[in-house]
Amino acid sequence: MTAAGGRFFVDAWDPSYGASFEASATGPAAPSSAQVETDEELPAADWRAIDVRPGVRAPAVVLLVDGVRRIDASIWTAEDDGGSFPGLAASYAAGVVRCDLERGAAQLAGTRVGRGLFTASPSAQDVVAGSVRYPVHRVGGTGELTKLPAAVQGPLTALEVAVSDAVRTDGDLLVVDGPLRSRRQLPRTLGYIKTQHSQYLDARLTAVVTGLAAGQRSPVFRVGTAWGGWSWYLRLPVAVGAPWAGIVRVECSADLDIKDAVELADLSLVTLPRFASTPYKDPRAPQNLIPIAGLERRLRALLGDARLLHRALAAAARAGVTRR
């Protein structure tokens, strides 16, 4: 496609999901302020696309874990001193899909559901809405309403760790949908980032990334932030399109040495592409992996009917139904 001023591309993702590479006013993505070490697997001057290495085989079992969350209602508390605090009644769920690559079979291996009332109110108590209980998760600070959705991430991450720990076996590979964050201590674990918010590399090294062919990866580099670690990019199977089409960033624990990180990078290259979705099945193809898409649908169903829960919460608020 062409237009006045040069070429342009249409992102393969359905616009309702955003874009696979998030643009900003400062360019294709805001440059990250993190310190990045690029002379790890290869010197930066020698960066090039890396193909599947001979002899590298995918693991027999791959576990893919994901979580979903939903705000069921916004609330306000009434304090004894006449003040008030905002709060969120939220539902969240985590699950894991076990993929047996030798048998070519995948199955739902476990799910868990959690709920909570997130607020900084010192007087808040658990809320019972019909048959559903929302335990209090007291947040620090003044508990501004805009910051409350982020408070749900901690309990959700803990749920993801618990559900994946329950089904892990020796030799498997765990793929977490999203950054590793507090899951860096988990063995043989990859963080899978399908939307690129920040640009970690300079223009020359970024050109290596956007020049990747399907089934190739970048060299491993190190991101020096509190939640950083070893990272690399790879391109999933995708039709020719925008420079970042089909590119995902993968990360593993900073506690590993470079040799182990490179081994995981090679493993990701023979594992992740086989799970890539296709545009006619998924509006976020190919980055939204097929098992993850199915898992997300299942988890959202487990959260229950949002309208019924909202009505139950409203009824509980009118009746003052709480539990210590």
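A residue counts here as buried when its relative accessible area is under 20%, as exposed when it is over 50%, and as partly exposed in between (1.4 Å probe, protein chains only). Tyr233, at 2% relative accessible area, is therefore buried.

This is a predicted model, in which local features need pLDDT of at least 70 and side-chain atom pairs count only at pLDDT 80 or more, while totals for chains, interfaces and linings use all residues. Residues are numbered from 1 along each chain as its sequence is written, and side-chain values use heavy atoms, with hydrogens and water left out.

**The overall picture**

The protein has 6 helices and 17 strands. These elements are DSSP runs numbered from the N terminus (helices are H or I with at least four residues, strands are E with at least two). Of the 324 residues in the protein, 48% are buried. Among contacts (heavy atoms within 4.5 Å) with a separation of 6 or more, 63% are between residues 24 or more positions apart. The accessible surface comes to about 15,800 Å², and 54% of it belongs to carbon and sulfur atoms; such areas come from the Shrake-Rupley method with a 1.4 Å probe, and for residues only the protein chains shown count as cover.

Let's turn to strand E16, residues 247-252. How many of its residues are buried? The count is 6 of the 6, so E16 is largely enclosed by the rest of the structure. In a regular strand, side chains alternate between the two faces of the sheet. Both faces of E16 are covered, with Ile247, Arg249 and Glu251 buried on one side and Val248, Val250 and Cys252 buried on the other.

Strands pair when DSSP finds at least two bridges between them.

| Strands | Bridges | Sense |
|---|---|---|
| E5 and E6 (residues 86-100) | 15 bridges | antiparallel |
| E5 and E11 (residues 173-177) | 4 bridges | parallel |

Val250 in E16 is the bridge partner of Tyr192, and Trp232 also stands opposite Val250. Leu63 likewise has two partners to look up: Arg98 in E6 and Leu174 in E11.

**Aromatic rings**

Rings of Phe, Tyr and Trp (its six-membered ring) pair if their centres lie within 6.5 Å; planes under 30 degrees apart count as stacked, over 60 as edge-to-face and the rest as tilted. A search of the whole structure finds 3 aromatic pairs. In one of them, the rings of Trp47 and Phe221 have centres 6.1 Å apart and planes at 40°, so the pair is tilted. Trp47 lies in the loop between E4 (35-37) and E5 (61-76) and Phe221 in E14 (residues 221-224), so this pair ties together parts 174 residues apart in sequence. Both Trp47 and Phe221 are buried.

Tyr233 and Trp244 have ring centres 5.7 Å apart and planes at 70°, so they make an edge-to-face pair. Tyr233 belongs to E15 and Trp244 to the loop between E15 and E16, 11 residues apart. Trp244 is buried, at 12% relative accessibility. Trp47, Phe221, Tyr233 and Trp244 form one aromatic cluster.

**Cysteines**

How many disulfides does a search of the whole structure find? The answer is 0, with a disulfide taken as a pair of cysteine sulfur atoms within 2.5 Å. Cys99 is buried at 3% relative accessible area, and Cys252 is buried at 2% relative accessibility.
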